[in-house]
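Try each task before reading its solution.

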Amino acid sequence: MEKIIKTDDEWRQILTEEQFRVTRKHGTEPAFSGALYDKHDAGTYHCICCGAALFDSQTKFESGSGWPSFYAPMDHAPIEETEDN
């Protein structure tokens, strides 16, 4: 599958400003504020940019951090980890 790279202007036309800041500029939403923070429905969490399956709801746990937390990604999830001090 060919990777299609979009410009920031193209992403801004697709995403809300907060979605753009979080997904494209490595930002975060305020703790305890996101729509998915307190969601406990069964299902799969997908990337808003590419649609890839990232996490199964069965791996979600209460970390106390204020953001949705998962102890394992789905197999073959296109996730990169970076340290944030």
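**Exercise 1.** With which residue does Glu 18 form a salt bridge, and how far apart are the closest N and O atoms?

Solution. Start with the ground rules. This is a predicted model, where local features need pLDDT of at least 70, side-chain atom pairs count only at pLDDT 80 or more, and totals for chains, interfaces and linings use all residues. Residues are numbered from 1 along each chain as its sequence is written, and side-chain values use heavy atoms, without hydrogens and water.

Next, the term: a salt bridge puts a side-chain nitrogen of Lys or Arg within 4 Å of a carboxyl oxygen of Asp or Glu. Glu 18 pairs with Arg 21, the closest N and O atoms being 3.8 Å apart. Both lie in helix H2, three residues apart, about one turn of the helix. Helices here are DSSP runs of H or I with at least four residues; strands are E runs of at least two.

**Exercise 2.** Find the salt bridge partner of Asp 8, and say which parts the pair ties together.

Solution. The partner is Lys 25, with the closest N and O atoms 2.9 Å apart. Asp 8 sits in helix H1 and Lys 25 in the loop between H2 and E1, so the pair links parts 17 residues apart in sequence. The whole structure has four salt bridges.

**Exercise 3.** Is Asp 8 buried, partly exposed or exposed?

Solution. Take the cut-offs: buried is under 20% relative accessible area, exposed over 50%, partly exposed in between (1.4 Å probe, protein chains only). Asp 8 has 34%, so Asp 8 is partly exposed. Lys 25, at 44%, is partly exposed too.
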